[in-house]
Amino acid sequence: MDMSFKEKSLWVQLLGLLGVYAWYFATVLPAAAPSVMPQHVVLFAVAVGYLVAVQGAGHIVIAVFDPRDDTDERDRLIALKGAYAGSWVLAAGVFTALYAAIGTEGNFLFTHLLLASWVLSCLVEIAAQLYLYRHGT
Amino acid sequence: MGKGAPRISNDIRALRFARGEMTQQALADRIGVTRQTVNAIEGNKYSPSLEVAFRIARALELPLEKVFQYEED
């Protein structure tokens with residue numbers, strides 16, 4: 001498949017986010033508590049470390065095989081449309097988290113709804129961009 | 001672009017070949033976009049800005065309306 005550096009980069013981001021946060025939520029949710037515990041914070045820091053490592057390694061591999069990392073007006077338009085799609089998901093998630101904060105004890109649900117919203121909004125933003133690269137703006 | 005069939009079409013692919021079989025990459029380099037963007041324009045998946053449209057016409061040494069066609073509804 002004919003993909004630009006930017007499109008390959010989006011795939012690395014998508015797979016990295018999916019893999020790392022699927023692992024994080026699968027590990028943390030069974031050990032849920034009313035409030036965030038120190039072990040949750042450690043797991044979150046590990047997840048961020050994994051994400052940085054996976055994305056760094058992925059981008060190095062892409063750059064080795066495709067050193068042209070130019071961007072142009074089409075890339076910028078697609079990025080804007082993707083950000084617009086993701087922003088709706090983030091806004092909905094923030095209000096859902098606020099509702100949960102009012103209705104539940106502790107901060108575990110609130111913080112994890114916020115985190116899940118951010119992850120989901122990033123996934124929607126990236127997926128929208130990948131769709132636009134394939135099917136046109 | 002948007003809903004329905006694209007209203008702006010172009011003959012860039014044929015015009016490139018008519019100009020010494022200019023490659024997509026050569027045209028992209030001359031007009032300052034990526035090769036994938038030239039490919040998307042040729043496939044009517046992306047309507048370029050007016051500035052890029054003029055640069056394409058200039059690179060092909062043709063007037064704009066010979067390169068792009070606007071189809072009325």
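**Close-up views of a predicted two-chain model**

**Figure 1. Tyr21(A) and Tyr24(A) lie about one helical turn apart, because they are 3 residues apart in helix H1 (residues 5-28) of chain A.** The model shown in this and the following views is predicted. The rings of Tyr24(A) and Phe25(A) form an edge-to-face aromatic pair, with 5.3 Å centre to centre and 80 degrees between the planes. Tyr24(A) has a relative accessible area of 2% and is therefore buried. Tyr21(A) also counts as buried, at 4% relative accessibility. Phe25(A), with a relative accessible area of 16%, is likewise buried, since the cut-off for a buried residue is under 20%.

**Figure 2. Aromatic pairs and one aromatic cluster in chain A.** Over all chains, the structure holds 6 aromatic pairs. One of them joins Tyr21(A) and Tyr24(A) in an edge-to-face arrangement, 6.3 Å centre to centre and with 75 degrees between the planes. Tyr21(A), Tyr24(A) and Phe25(A) belong to one aromatic cluster, together with Phe44(A) and Trp118(A).

**Figure 3. The contact region between chain B and chain A.** In this region, 14 residues of chain A are in contact with 16 residues of chain B. About 1,200 Å² is buried between the two chains, and carbon and sulfur atoms give 42% of this area. On the chain B side, the residues that lose the most area to chain A are Gln36(B), Lys45(B) and Tyr46(B). Together these three residues account for 46% of what the chain B side buries.

**Figure 4. The largest pocket, lined by residues of chain A and chain B.** This pocket has a volume of about 170 Å³. From chain A, the lining residues are Asp2(A), Ser4(A), Glu7(A), Arg74(A), Tyr133(A) and Arg134(A). From chain B, they are Arg13(B), Gln36(B), Asn39(B), Ala40(B), Gly43(B) and Lys45(B). Two elements give two or more residues each to the lining: helix H4 (108-135) of chain A and helix H3 (35-42) of chain B. The largest share, 3 residues, comes from H3(B).

**Figure 5. Residue classes in the lining of the largest pocket.** The lining divides into 6 charged, 4 polar and 2 nonpolar residues. Among the lining residues are Asp2(A), Glu7(A), Arg74(A) and Arg134(A) of chain A, and Arg13(B) and Lys45(B) of chain B. Gln36(B) and Lys45(B) line the pocket, and both are also among the chain B residues that lose the most area to chain A.

Methods:
Residues numbered from 1 in each chain as written. Chains lettered and ligands numbered in written order. Predicted model: local features only at pLDDT ≥ 70, side-chain atom pairs only at ≥ 80, totals over all residues. Heavy atoms only, no water. 1 Å grid on protein atoms, 1.4 Å probe; cavity = no way out; pocket = protein on both sides within 12 Å on 5 of 7 lines; lining within 4 Å. Points joined across faces, edges and corners; volume = space filled by probe spheres on them. Helix = DSSP H or I, 4+ residues; strand = E, 2+ residues; numbered from the N terminus. Nonpolar A, V, L, I, M, F, W, Y, C, P; charged D, E, K, R; others polar. Phe/Tyr/Trp six-rings, centres within 6.5 Å; stacked < 30°, edge-to-face > 60°. Buried < 20%, exposed > 50% of the residue type's maximum accessible area, 1.4 Å probe, protein only. Contact = heavy atoms within 4.5 Å. Buried area = accessible area lost by both parts, 1.4 Å probe.
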